[in-house]
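The reader may wish to keep the sequence and the structure in view throughout.

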Amino acid sequence: MAVITLHDLAGVLTECAGADENVVLTSESLDVTFTDLGYDSLALLETAAAVQQRYGVTLSDEEVTEITTPREFLDLVNQSAVQAA
């Protein structure tokens, strides 16, 4: 299993929650809260479901709702992928 990148996450978020043309996920936005980026908890839950389908990484709803930044999301997904391998 390859790791999920910020680019991958941005694509999944855009597909699941739509995209505000003013919001672009970059390395500078890794520690900006999803709320400040315009994404709510429902968008994150939908993103986690899509990540599960595409990458085979399962996250609990509780884990997802505790995530606040893109960095935390990527870390959790990639750590879960390593543990599952």
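The expected span of a helix is taken here as 1.5 Å times one less than its number of residues. The model discussed is a predicted one, and the helices are numbered from the N terminus.

**Helix lengths**

By that rule α3, with 15 residues, is compared with an expected 21 Å, and its reach of 20 Å from first C-alpha to last is close to that value. The table sets out the corresponding values for α1, α3 and α5, each of which is listed with its own expected span.

| Helix | Residues in helix | Reach, first to last C-alpha | Expected span |
|---|---|---|---|
| α1 | twelve residues | 16 Å | 16 Å |
| α3 | 15 residues | 20 Å | 21 Å |
| α5 | 15 residues | 21 Å | 21 Å |

**Helix α1 and its buried side**

Helix α1 runs over residues 6-17, and the residues L6, L9, A10, V12 and L13 are buried in it. These residues cover an arc of only 170 degrees around the axis, which puts them on the same side of α1. On the face turned away from that buried side, α1 carries the exposed residues H7 and E15. The cover over the buried residues of α1 includes α2 (34-37), α3 (41-55) and α5 (70-84). After α1 comes G18, for which the phi angle is positive, near 80 degrees.

Which residues of α3 are buried? They are A43, L44, T47, A48, A50 and V51. Because they cover an arc of only 165 degrees around the axis, these residues lie on the same side of α3. The buried residues of α3 pack against α1, α2, α4 and α5.

How the axes of α1 and α3 are placed can be stated in a few values: they come within 9 Å and cross at roughly 120 degrees. The two helices are therefore oblique to each other, and the crossing in which α1 passes α3 is right-handed. From the side of α1 the contact is made by D8, L9, V12, L13, E15, C16 and A17, while α3 supplies A43, L44, E46, T47, A50, V51, R54 and Y55. The residues of α1 in this contact include L9, V12 and L13, which are also listed as buried in α1, and they include E15, which is exposed on the face of α1 turned away from its buried side. From α3, the residues A43, L44, T47, A50 and V51 take part in the contact and are also listed among the buried residues of that helix.

Within α3 is also S41, which counts as partly exposed because its relative accessibility is 46%. S41 and V64 are separated by 23 residues in sequence, whereas their C-alpha atoms are 8.0 Å apart in space.

**Helix α5 and residue S80**

In α5 the buried residues are P70, F73, L74, L76, V77, N78, S80 and A81, and the buried residues of this helix pack against α1, α2, α3 and α4. Why does S80 count as buried? Its relative accessibility is 16%, and the cut-off for buried is under 20% relative accessible area. When its neighbours within four places in sequence are left aside, S80 is in contact with V57 and L59.

**Loop residues and helix α4**

One of these partners of S80, V57, is found in the loop between α3 and α4, and V57 counts as buried at 3% relative accessibility. Between V57 and L76 there are 19 residues in sequence and 9.6 Å in space, taken from C-alpha to C-alpha; L76 itself is among the buried residues of α5.

Is V24 buried or exposed? This residue, placed in the loop between α1 and α2, is exposed, with a relative accessible area of 55%. V24 is 53 residues from V77 in sequence, and the two C-alpha atoms are 20 Å apart in space.

Helix α4 (residues 61-66) holds E62, and E62 is exposed with a relative accessible area of 57%. E62 and L45 are 17 residues apart along the chain, and a separation of 9.7 Å lies between their C-alpha atoms.

Definitions and conventions: Residues numbered from 1 in each chain as written. Predicted model: local features only at pLDDT ≥ 70, side-chain atom pairs only at ≥ 80, totals over all residues. Heavy atoms only, no water. Helix = DSSP H or I, 4+ residues; strand = E, 2+ residues; numbered from the N terminus. Buried < 20%, exposed > 50% of the residue type's maximum accessible area, 1.4 Å probe, protein only. Arc of directions from axis to C-beta. Contact = heavy atoms within 4.5 Å. Axes fitted to C-alpha atoms, helices over the stretch in contact; angles between N-to-C directions. Parallel < 35°, antiparallel > 145°, perpendicular 65-115°, else oblique. Left-handed = near helix turned anticlockwise from the far one by under 90°.
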